[in-house]
Amino acid sequence: MADEINASTTSTSRTKKSLWPSVLRWIPSSTDHIIAAEKRLLSLVKTSYTQEKVNIGSGPPGSKVRWFRSASNESRFINTVTFDSKEDAPTLVMVHGYAAAQGFFFRNFDALTKHFRVIAIDQLGWGGSSRPDFTCKSTEETEAWFIDSLEEWRKAKNLEKFVLLGHSFGGYVAAKYALKHPEHVQHLVLVGPAGFTSETEHKSEWLTKFRATWKGAVMNHLWESNFTPMKVLRGLGPWGPNLVRRYTSARFGEYSTGDVLTEEESRLLTDYIYHTLAAKGSGELCLKYIFSFGAFARSPLLQRASEWKVPTTFIYGFQDWMDYHGAEGARKDMTVPCEIIRVPKAGHFVFLDNATGFHSAVLHACRRLLSSDPNSYPLPEGVTSI
């Protein structure tokens with residue numbers, strides 16, 4: 001990965017490689033680096049695609065609060081990839097989670113484009129999208145940052161109806177978007193979604209005890225100070241890529257519960273993850289306003305389950321650290337069709353751990369949009385609906 005990060009180094013500097021420590025050769029990341037790493041990663045995808053920067057303006061119409069949260073009228077953009085598909089295929093919009101970007105779905109694009117017009121985005125402040133200064137000061141402002149930018153993107157893309165899929169924090173954003181704009185969402189697919197329960201509802205005895213320790217007090221203080229893991233990565237300078245490589249190898253390699261990444265997949269994903277995390281901090285600073293320490297929602301989705309207007313499917317890996325019982329609790333108050341699917345040999349990144357099982361779950365969830373036969377796209381053995 002170091003070769004990819006330093007690909008622009010001149011031949012002259014290469015001859016001096018042995019004379020200079022690596023810290024002096026380190027090149028920080030940027031949106032240009034991210035887009036380049038994205039192209040390398042998506043070279044693994046066989047389906048042709050178009051990458052574009054969709055202009056979403058400087059802020060929501062009529063709002064005094066701009067994306068840049070300053071006097072600037074500078075327009076912002078959402079990095080978007082659209083894959084070739086059949087003209088009459090339903091549209092599937094895919095939204096990534098926290099500390100991620102749309103390229104994390106690289107193992108899924110080929111399979112899903114056989115059935116959908118697939119569009120994947122980097123949320124505002126993440127991946128290759130614009131990274132405005134983030135100065136939101138409340139949960140309400142922070143939610144609006146993501147929901148309203150997604151709506152402006154929808155308008156710019158002229159999409160009227162689509163299936164909306166969100167993973168983890170992206171699932172939280174997708175659900176909040178569907179609550180505000182249900183007329184545009186045909187079906188909601190939430191993959192290991194965050195934000196369903198609050199600390200009060202969860203009643204975590206372990207967390208209460210941990211907070212009482214000095215370690216817990218320090219961790220809680222760092223959380224409330226908005227100290228993110230990405231700040232640590234940036235501070236490591238030239239040692240950052242190696243840390244990311246170790247994480248990728250551990251999470252998607254030897255400790256993966258499903259399909260282990262190939263050497264090339266691991267190398268390209270590591271390169272991509274590093275650049276998305278090391279670039280300017282922006283959307284990452286949402287964390288303390290959306291969740292309290294322990295990743296409990298400050299405005300939990302469970303409390304709004306009765307307001308749900310869009311048919312919904314939840315997808316979890318068997319080893320997902322997100323608790324599917326939150327979805328079960330929400331389903332009790334929903335008045336729309338709701339299904340919970342669990343995929344074996346998969347953790348929180350079910351779409352990477354067990355891509356085949358994940359694809360089956362998505363097709364089953366959207367079967368009424370894909371076929372007139374209600375028995376189409378049955379779940380394979382091992383993938384369960386509860």
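# Close-up views of the predicted model

Figure 1. Lys-157 counts as buried because its relative accessibility is 17%, and the cut-off for buried is under 20%. The model shown here and in the other views is predicted. Lys-157 belongs to helix 5, which runs over residues 139-157. The side chain of Lys-157 is joined to that of Glu-52 by a polar contact of 2.5 Å. Leaving aside residues up to four places away in sequence, Lys-157 touches Glu-52, Val-54, Thr-82, Arg-117 and Ile-119.

**Figure 2. Helix 5 and the residue just after it.** Helix 5 has 19 residues, which should span 27 Å at 1.5 Å a residue; the C-alpha atoms at its ends are 27 Å apart, so the two values agree. Helix 5 is mostly covered, with 14 of its 19 residues buried. Just after this helix comes Asn-158, with a positive phi of about 55°. Asn-158 is a residue other than glycine, and its place is in the loop between helix 5 and strand 5 (162-167). Is Asn-158 buried or exposed? Asn-158 counts as exposed because its relative accessibility is 62%, and the cut-off for exposed is over 50%.

**Figure 3. The pair formed by Phe-196 and Phe-314.** The structure holds 22 aromatic pairs. In one of them, the rings of Phe-196 and Phe-314 have centres 5.4 Å apart and planes at 65°, so this pair is edge-to-face. Phe-196 lies in the loop between strand 6 (185-191) and helix 7 (199-202), and Phe-314 lies in strand 9 (residues 312-317), so the pair ties together parts that are 118 residues apart in sequence. Phe-196 counts as buried, at 5% relative accessibility. Phe-314 is also buried, and its relative accessible area is 0%.

**Figure 4. Phe-314 with Tyr-316.** Phe-314, buried with a relative accessible area of 0%, takes part in a second pair, with Tyr-316. Here the ring centres are 6.5 Å apart and the planes are at 15°, so the pair is stacked. The relative accessibility of Tyr-316 is 2%, so Tyr-316 counts as buried.

**Figure 5. An aromatic cluster.** One aromatic cluster is formed by Tyr-98, Trp-126, Phe-134, Trp-145, Phe-146, Phe-169, Tyr-172 and Phe-291.

**Figure 6. The largest nonpolar core and Ile-315.** In soluble globular proteins, nonpolar side chains tend to be buried together. The largest nonpolar core in this model has 102 residues, of which Trp-153, Leu-188, Trp-308 and Ile-315 touch the most other members. Helix 6 (residues 169-180) gives the largest share of this core, eight residues. With residues up to four places away in sequence left out, Ile-315 touches Val-189, Leu-190, Val-191, Gly-192, Ile-341, Val-343, Val-350, Phe-358, Ala-361 and Val-362.

Figure 7. Trp-321 is found in the loop between strand 9 and helix 14 (325-331). Trp-321 is exposed, with a relative accessible area of 57%. The C-alpha atoms of Trp-321 and His-348 are separated by 6.2 Å, while the two residues are 27 residues apart along the chain.

**Figure 8. Helix 12, from end to end.** Helix 12 covers residues 263-278 and has 16 residues. From its first C-alpha to its last, helix 12 reaches 22 Å, close to the 22 Å expected at 1.5 Å a residue. How many of the residues of helix 12 are buried? The count is 13 of 16, and the helix is mostly covered.

Figure 9. Tyr-377 lies in the loop between helix 17 (367-370) and strand 11 (384-385). Phi of Tyr-377 is near 55°, a positive value in a residue other than glycine. The relative accessible area of Tyr-377 is 24%, so Tyr-377 is partly exposed.

**Figure 10. The whole protein, for orientation.** The secondary structure comes to 17 helices and 11 strands. The protein has 386 residues, and buried residues make up 54% of them. Among contacts between residues at least 6 apart in sequence, 76% join residues at least 24 apart. The accessible surface comes to about 17300 Å², and 53% of it belongs to carbon and sulfur atoms.

Notes
Residues numbered from 1 in each chain as written. Predicted model: local features only at pLDDT ≥ 70, side-chain atom pairs only at ≥ 80, totals over all residues. Heavy atoms only, no water. Helix = DSSP H or I, 4+ residues; strand = E, 2+ residues; numbered from the N terminus. Expected span 1.5 Å × (residues − 1). Buried < 20%, exposed > 50% of the residue type's maximum accessible area, 1.4 Å probe, protein only. Polar contact = N/O pair within 3.5 Å; in protein donor to acceptor, adjacent residues only side chain to side chain. Contact = heavy atoms within 4.5 Å. Core = buried A, V, L, I, M, F, W, Y, C linked by side-chain atoms within 4.5 Å. Areas by Shrake-Rupley, 256 points an atom, 1.4 Å probe, with all protein chains shown as cover. Phe/Tyr/Trp six-rings, centres within 6.5 Å; stacked < 30°, edge-to-face > 60°.
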